[in-house]
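Have the model open beside you and follow along.

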Amino acid sequence: FADNAHDATKQKLQSTLDCERWNQVEVGPRFQAIADAVAEQSKSTSVSARAEAATGPPSQSISVGGDSFRTVGSALLLVELLGNYVQLVRHFPAIAVHLIPQMVDVLTLFNARSFQLVLGAGAIQVVGLQRISSKILALVSQSLGLVIALMPHLRANLALQLPTQHHALLAQLDRILQDYREHQKKVFGKLVSIMLDRVDNSEAMHAALSGQVSVMPGQPSPYMAELVRDAQNLHRVLSPILTPDQMENVYVQILNGLDSKLVAIYSAANHSSVKVSHRITTDIAHLITSMMQLQPDS
């Protein structure tokens, strides 16, 4: 019975992922109740009873351990499925050893398929998305973060029910946790590369540095004005979704990457030209001033 239920669980998650358009969804009270029940780590708490009794309006995010996550529908389904496994473990402790590989299997499916669909851009073909936007990447990062936040509670629930001699099985959860963290790190890296790729092979930049473009004194060149607008637009998209710490981490990486790329480009410019030197100085000042105004919580 448990094996048949597991196969049905995987099929449901796979189908949901393959229909996922990676839009933010509201979080119904039952999903928050499931997350709360899992986090309690109590042998007596009924996950299903808590979910059925949940009432109230939907929320824009789901909370685990004081952290809030804006997420997508398939991630909420995963929370529900994990809650079902925790319910089984609490009611039938003797099958905990059997359920650990199944939980890992479901967690692996979500991690691997979401990677293929978003970072691998599979969703463009599977559901017809035009592109993988920065907002989609941000929501995926938070969906992964939701699972990362739940993982210690899942582990603790299993540890309560497992005989001591079987605690080594919990290492499987530790490995999948690391996989989720690596995946999330790559998503953040992709957000950084979106900005840095704007600098590479920019014809407008080289035109400004060669003196082909006329710019009013004290004003940034068109390419730098556009680069700053892109950074500001990205910030507007990310700031409602990422945490302040994550925003700071992403933008520190963007600044470091811009510094390396611009230094290489400016070093190759004709510094004997006063006009070019003034252009570089003005553009750098505009970039620094604009980026400093992008606060994580703005």
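Predicted model: local features only at pLDDT ≥ 70, side-chain atom pairs only at ≥ 80, totals over all residues.

**Entry 1: I176 and its surroundings**

I began at I176, which touches L107, T108 and M151 once residues up to four places away in sequence are set aside. Contact here means heavy atoms within 4.5 Å. Residues are numbered from 1 along each chain as its sequence is written, and side-chain values use heavy atoms, with hydrogens and water left out.

I found I176 in helix α8 (residues 171-196). Helices (H or I, at least four residues) and strands (E, at least two) are DSSP runs, numbered from the N terminus. I176 counts as buried because its relative accessibility is 3%. For that label, buried means under 20% relative accessible area, exposed means over 50%, and partly exposed is in between, with a 1.4 Å probe and protein chains only. I also checked I176 against I148: they sit 28 residues apart in sequence and 9.4 Å apart in space, C-alpha to C-alpha.

Is L107 buried or exposed? L107 counts as buried, because its relative accessibility is 0%. Beyond four places in sequence, I listed L78, L82, V147, M151, L173, I176 and Y180 as its contacts.

I then looked up the largest nonpolar core, which has 91 residues, and W22 and Y180 touch the most other members. Helix α7 gives the most to this core, with 14 residues. A nonpolar core is a set of buried Ala, Val, Leu, Ile, Met, Phe, Trp, Tyr and Cys residues joined through side-chain atoms within 4.5 Å.

**Entry 2: two positive phi angles**

Most residues other than glycine have a negative phi. W22 is not a glycine, yet I read a positive phi of about 60° there. W22 lies in the loop between α1 (2-19) and α2 (29-40), and it is buried because its relative accessible area is 1%.

A121 is not a glycine either, and its phi is positive at about 65°. I placed A121 in the loop between α5 and α6 (123-126). A121 is partly exposed, because its relative accessible area is 28%.

**Entry 3: the largest pocket**

Which residues lie nearest the centre of the largest pocket? I noted S68, I241, L242, T243 and Q246, out of 15 lining residues. The volume is about 230 Å³. On a 1 Å grid over the protein atoms alone, a pocket is an open set of points where a 1.4 Å probe fits, with protein on both sides within 12 Å along at least five of seven lines, and lining residues have an atom within 4 Å of a point. The volume is the space filled by probe spheres set on the points, which are joined across faces, edges and corners.

β2 (67-69), α7 (134-161) and α11 (244-267) each supply at least two lining residues, and β2 gives the most, with three. By class I have seven nonpolar, six polar and two charged residues. Ala, Val, Leu, Ile, Met, Phe, Trp, Tyr, Cys and Pro count as nonpolar, Asp, Glu, Lys and Arg as charged, and the others, Gly among them, as polar.

I stayed with α11 for a moment. Its buried residues include Q246, M247, V250, Y251 and I254.

S61 is in the loop between α3 (47-53) and β1 (62-64). I noted S61 as buried, because its relative accessibility is 17%. Its contacts beyond four places in sequence are V27, Q32, S68, F69 and R70.

My last stop was L162, in the loop between α7 and α8. L162 is buried, because its relative accessible area is 6%. Leaving aside neighbours within four places, L162 is in contact with A96, V97, I100, H167 and L170.
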